[in-house]
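Welcome, and please open the model in your viewer. We will go from stop to stop, with something to select at each one.

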Amino acid sequence: MLIFAGLTLQAQTEKRVRPIWWFGESGAANFNYYRGTTQMLTDNFSTPVAFHQGNSIKPYGSLLIEYRPKRVIGVMLNIAYDDRGGKFNQVIAPCNCPADITAKLNYISFEPSLRIAPFSSAFYVFAGPTLGVNISKEFVYTQQKQTDIRGDWSDINKTVFAAQAGAGIDIPLSKKTSTAQMTLSPFVSFQTDLFQSPRTVESWSIYTYRAGIALKFGSGKSKKSVNTIIHDTINTKLVSILSVPVKEIQFSVRSPKAVPFNRQVRETFPLRNSVFFTMGSVEIPVRYIQLNQAQANTFNENQLQKNQPDNLNYGRSARQLNVYYNILNLVGDRLRSNPKSTITLVGSADKNPVEGKIMAEKIKSYLVTIYGIDAARISTEGRDKPVIPSEQPGAVKDLALLREGDRRVDIMSTSPELLWQVGGANSDLLRPVQINAIQTDPLDSHVIFTAAGAAELLDSWSVTVTDEQGHIQNYGPFTQDQASVSGKTILGNNQQGNYNILMTGQTKTGQTITKTSFVTLMTIDNTKQEGLRYSILFDFDRSKSIASYEKFLTDIIVPLIPENGTVIIQGHTDIIGEEKYNLNLSVERAEGAQKILERALLNAGKKGVKFETYGFGKEADKSPFENALPEERFYNRTVIIDIISN
């Protein structure tokens with residue numbers, strides 16, 4: 001059915017005075033984000049560990065002028081005080097001490113922009129270049145148990161060119177007919193890190209999100225009101241609104257029969273066969289532990305079990321890295337114990353194989369001098385890229401991180417006494433190290449909430465947990481199909497409890513959906529139960545190599561899985577790449593491992609084995625390691641397999 005209506009009105013309109021020139025000032029918050037790497041603070045001082053990412057919120061203020069000859073197009077100029085200071089993410093120095101860098105980096109910034117109001121309205125967008133003149137370049141380096149070091153960064157660019165883009169809206173504060181116009185203008189903008197490198201050395205760069213408000217003043221001529229005739233024809237079409245069925249969200253809750261707070265775990269830790277070098281340096285980084293001859297004479301890898309953190313969750317990364325950073329001593333001790341074994345050191349430096357060979361020779365010199373290894377047993381070579389590089393042809397994103405991972409010396413060997421056969425004729429992993437620890441709050445103690453289809457159909461969803469006394473706990477919002485909450489967190493100080501679960505989701509069309517469930521939780525002390533942990537490592541962006549681990553999974557892992565036992569498989573990635581892609585990659589790796597194990601268990605006649613398989617992508621709170629260093633990112637490209645008896 002169509003309805004037609006004609007309406008004729010006589011009205012008096014008032015046009016707002018429109019100044020051509022505007023002047024004012026603005027204030028904003030800079031949300032600064034650091035990328036890249038820095039380690040050499042001055043010509044005379046470098047930190048023992050490289051710093052990578054960081055962030056801060058700092059002030060911004062400007063004087064501004066705008067020229068608007070037309071409603072749609074104009075130009076604007078800001079002359080600003082621009083604070084790009086911040087704090088790098090904390091790192092752990094070789095002394096196992098936390099270390100921090102705070103940067104005080106200030107500029108006088110000149111920011112010309114093209115201003116466009118695309119709808120001849122109060123909304124506008126702007127974009128243009130920026131020129132920053134440095135006026136402050138201080139740093140403060142703090143390390144636990146040491147005196148703070150203050151100074152000025154060396155090699156600071158005096159001027160920095162970059163670009164920005166943003167949007168704002170002019171909210172009038174004056175009467176339409178007033179010749180003096182005043183507007184309040186909230187705005188947001190993005191300052192790219194393209195060319196935004198504060199120094200002429202290293203790869204540190206800064207990008208900034210800015211949010212603020214401007215107060216603008218202008219003067220113009222008043223225009224007389226005129227009588228106009230407005231003819232408005234309204235065409236309204238009534239249509240039937242059909243109810244379109246929405247794909248159902250399948251909500252389920254998996255809770256443990258009992259919540260184990262602790263578990264003894266015996267972990268077989270794979271030893272990555274690479275030593276990663278700092279960009280621009282051929283010296284072995286100080287984070288790798290180097291001994292003198294007297295210390296090397298008494299070194300034994302069993303010593304690495306001593307003085308280690310007890311907590312597997314919060315100490316696992318530190319403990320594993322302590323083992324890994326002894327890689328030179330482990331290799332030296334194993335070469336010494338196996339006099340017929342040989343190794344090849346392959347050094348890779350971007351477009352500089354000569355430099356790569358120098359890096360390899362540095363490691364050879366340490367093994368020969370400190371461990372007395374015959375130099376003839378160690379060969380060296382230099383390459384511009386590793387055999388399996390992280391940086392692939394045509395790559396444009398995260399190049400700094402990829403290149404950090406490719407600047408390394410790989411320790412290769414064909415001597416079986418040095419290797420761990422995990423798949424194929426030649427393994428690139430050195431023989432692993434055994435680690436024993438107490439695991440706190442293990443993954444199988446978590447309550448798993450699954451909203452199948454949520455990533456596709458929902459903007460977000462959350463969970464409300466209510467106990468029998470009416471106490472409410474809220475978790476979320478979540479955006480993926482699965483989320484987990486520690487059973488220990490839900491129980492709090494209670495030994496057991498019954499809980500109503502309410503899932504509330506917001507669809508992409510604005511609808512609200514709810515699902516309900518119920519769980520019962522009970523705690524147990526499981527410190528006498530022993531679990532086993534194994535890990536599979538992957539090169540960058542490779543999941544298909546899970547097939548090469550089939551012999552390892554079938555011959556090593558399957559015999560250790562008891563009937564009616566539980567196998568928990570976790571897939572992880574590093575921070576390089578898109579979130580959705582990394583999530584799918586981690587799921588693909590974890591599910592690939594499960595399929596191989598299930599097939600082998602069936603052939604072995606083992607029954608009643610339960611699998612819990614998860615892909616966490618680059619999710620930070622689930623990641624086994626930090627992502628600041630290339631070796632941490634390599635260890636995060638992993639599938640972790642936990643074996644638990646019934």
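Start by selecting strands β10 and β12 (residues 159-169): they run antiparallel and are joined by 11 bridges. Two strands pair if DSSP finds at least two bridges between them. Strands of a sheet pair through backbone hydrogen bonds, either parallel or antiparallel. For one example, click on V125, which stands opposite A167 in β12.

A word on what you are looking at: this is a predicted model, in which local features need pLDDT of at least 70 and side-chain atom pairs count only at pLDDT 80 or more, while totals for chains, interfaces and linings use all residues. Residues are numbered from 1 along each chain as its sequence is written, and side-chain values use heavy atoms, leaving out hydrogens and water.

**The other partners of β10**

Y107 has N134 of β10 as its bridge partner. The two strands form a hairpin with 6 residues between them, and in its turn S120 has a positive phi of about 50°.

Now select strand β11 (residues 149-152), also antiparallel to β10, with 4 bridges joining the two. Here E138 is bridged to D152 in β11. This hairpin has 5 residues between its strands, and K145 takes a positive phi near 75°.

**Stop at T130**

Stay in β10 (residues 123-143) and pick T130. Is T130 buried or exposed? T130 is buried, because its relative accessible area is 8%; buried means under 20%, exposed over 50% and partly exposed in between, with a 1.4 Å probe and protein chains only. Leaving aside residues up to four places away in sequence, T130 touches S109, F110, E111, V160, F161, A162, A163 and Q164. Contact means heavy atoms within 4.5 Å.

**A mixed sheet**

Move on to an open sheet of 5 strands with mixed pairing, in the order β18-β30-β29-β26-β27. Its edge strands, β18 (259-260) and β27 (472-478), each pair on one side only. Zoom in on β18 and strand β30 (residues 512-524), which pair in the parallel sense over 2 bridges. There, V259 has T523 of β30 as its bridge partner.

**Helices to select**

Helix α3 (residues 327-337) is mostly covered, with 9 of its 11 residues buried. Among them are I327, L330, D333 and R334.

Then show helix α8 (residues 550-557) with helix α9 (residues 579-604): their axes come within 10 Å and cross at roughly 50°. That is why α8 counts as oblique to α9. Which residues of α8 and α9 make the contact? Select E550, L553, T554 and I557 of α8, together with A593, I596, L597, R599 and A600 of α9. These residues divide into 6 nonpolar, 1 polar and 2 charged.

**Zooming out**

Finally, show the whole protein chain, which has 10 helices and 34 strands. Of its 646 residues, 47% count as buried. Among its contacts between residues at least 6 apart in sequence, 76% join residues at least 24 apart.

Definitions and conventions. Axes are lines fitted to C-alpha atoms, for helices over the stretch in contact, and angles run from 0 to 180 degrees between N-to-C directions. Angles under 35 degrees count as roughly parallel, over 145 as roughly antiparallel, 65 to 115 as roughly perpendicular and the rest as oblique. Ala, Val, Leu, Ile, Met, Phe, Trp, Tyr, Cys and Pro count as nonpolar, Asp, Glu, Lys and Arg as charged, and the others, Gly among them, as polar.
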